[in-house]
Amino acid sequence: MTTQHDQETKFVQIGNEKEQIAGAISTPIYMSTAYRHHALGESTGYDYTRTKNPTRTVLEEGIAQLEGGACGFACSSGMAAIQLVLSLLKAGDHIIVTTDIYGGTYRLFEHFEQHYQLSFTYVDCKVTEAVRDVIQSNTKAFFIETPTNPLLEEVDLKAISQLAKESNSLLIVDNTFYTPYLQQPISLGADLVIHSATKYLAGHNDVLAGLVVAKTKQLSEQLAVLHNNIGATLSPFDCWLVIRGMKTLPIRMRQQQDNAIKLVHYLGSHPKVKEVIYPGRGGMLSFRLENREAVETFLNNISLITFAESLGGVESFITYPLTQTHADIPESERIARGIDETLLRFSVGIETIADLTRDLSQSFKKIN
Ligand SMILES: *Cc1c(COP(=O)(O)O)cnc(C)c1O
């Protein structure tokens, strides 16, 4: 029961028929840290839980199948997943990055630049020629978030993968926003896919988790060693929560996308809204109000929609990138990127659309 199934079926069926002894449908949570060796040199394949854990294996095989890669790795957070992938690089290497990126990723890259002699160049990756211009002889990787965050512009992964091939570099794609339901970067030329599974994949705002998928066996072997060495692996219980969440991802994402499209129309025709940004698919949109005062009044008055810093869950969230997700990006850079005091990011939930528009409408009414 593998590749011949539709993507949607693969999500639902993660872990089913994996447990042979009792026939459990829900993946058992293997809390055991150690595993008995039947005899000298006779391991079951599981020795110590940091190296490999049976619950984690189900999640790792599930995401590898969904992304179309050789192997998956479950990490203790999205940031741990990014750090794991960065560990493939070495001092002196240069990495090209999409300008408009998750603030935490930017912060981690700054740390690696200051302390580990990696260098990063940020460039608008929608413009393929601009990307080609910043390739250096020591360029070893491209790190792309698409759609970008929070301005939600799609990057042409096929075009970037061509540049990555020409320069013998790895193409790493953060697929958190679209998930393998909407986009499979490996099929578009990526070598590595990373996720903050905390967001859409788990989907219920109750678990912090990261995933990495490697396209090739060779990269997977390197990552398996690093994953075990670094030790930022996902706990069995958290693996189970992510597995459970992923089973319903397609129906959640469909409802989120459906709501998002309706909200784009609603917001687009509202006089208090200056601009709506939506990439045409998925459950994320951004919009601008007139000024900071309008934003403040609006945020103080939404009540069904939560003012909070995350995304991808069943509940609708609105984030203020300026003071939340993107607060660590220096002001001049942030403003140059269009992340100013008027911008709000909306993670659309699965609530009834009429309730969402009613909440927006009543809080817009409170502005001046
Ligand atoms: C949240 C997020 C991360 C970081 O993931 P954590 O699970 O919070 O560590 C990385 N990339 C993107 C796009 C994110 O939204």
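**Exercise 1. How much area do domain 1 and domain 2 bury between them?**

Solution. Domain 1 and domain 2 bury about 2900 Å² between them, 59% of it on carbon and sulfur atoms. Buried area here is the accessible area (1.4 Å probe) that two parts lose on being put together, summed over both. On the side of domain 1, the residues that lose the most area to domain 2 are Leu151, Leu152 and Tyr200, together 24% of what that side buries.

A word on the model before we go on. This is a predicted model, in which local features need pLDDT of at least 70 and side-chain atom pairs count only at pLDDT 80 or more, while totals for chains, interfaces and linings use all residues. Residues are numbered from 1 along each chain as its sequence is written, and side-chain values use heavy atoms, with hydrogens and water left out.

**Exercise 2. Where do the domains lie in the chain, and how many residues does each give to the contact?**

Solution. Start with the bounds, which come from an automatic or database domain assignment: domain 1 is 7-246 and domain 2 is 249-364. Next, take the centres over C-alpha atoms: they are 27 Å apart.

**Exercise 3. Is Met246 buried or exposed?**

Solution. Buried means under 20% relative accessible area and exposed over 50%, with partly exposed in between (1.4 Å probe, protein chains only). Met246 has 0% relative accessibility, so Met246 counts as buried. Leaving aside neighbours within four places in sequence, its contacts include Phe11, Leu59 and Arg252. Leu59 is 187 residues away in sequence, yet 9.4 Å away in space, C-alpha to C-alpha.

**Exercise 4. Which backbone oxygen does the side chain of Arg337 reach?**

Solution. Locate Arg337 in the loop between α12 (331-336) and β12 (343-347). Its relative accessible area is 10%, so Arg337 is buried. The side chain of Arg337 reaches the backbone oxygen of Thr99 at 2.6 Å.

Note on methods. Contact = heavy atoms within 4.5 Å. Helix = DSSP H or I, 4+ residues; strand = E, 2+ residues; numbered from the N terminus. Polar contact = N/O pair within 3.5 Å; in protein donor to acceptor, adjacent residues only side chain to side chain.
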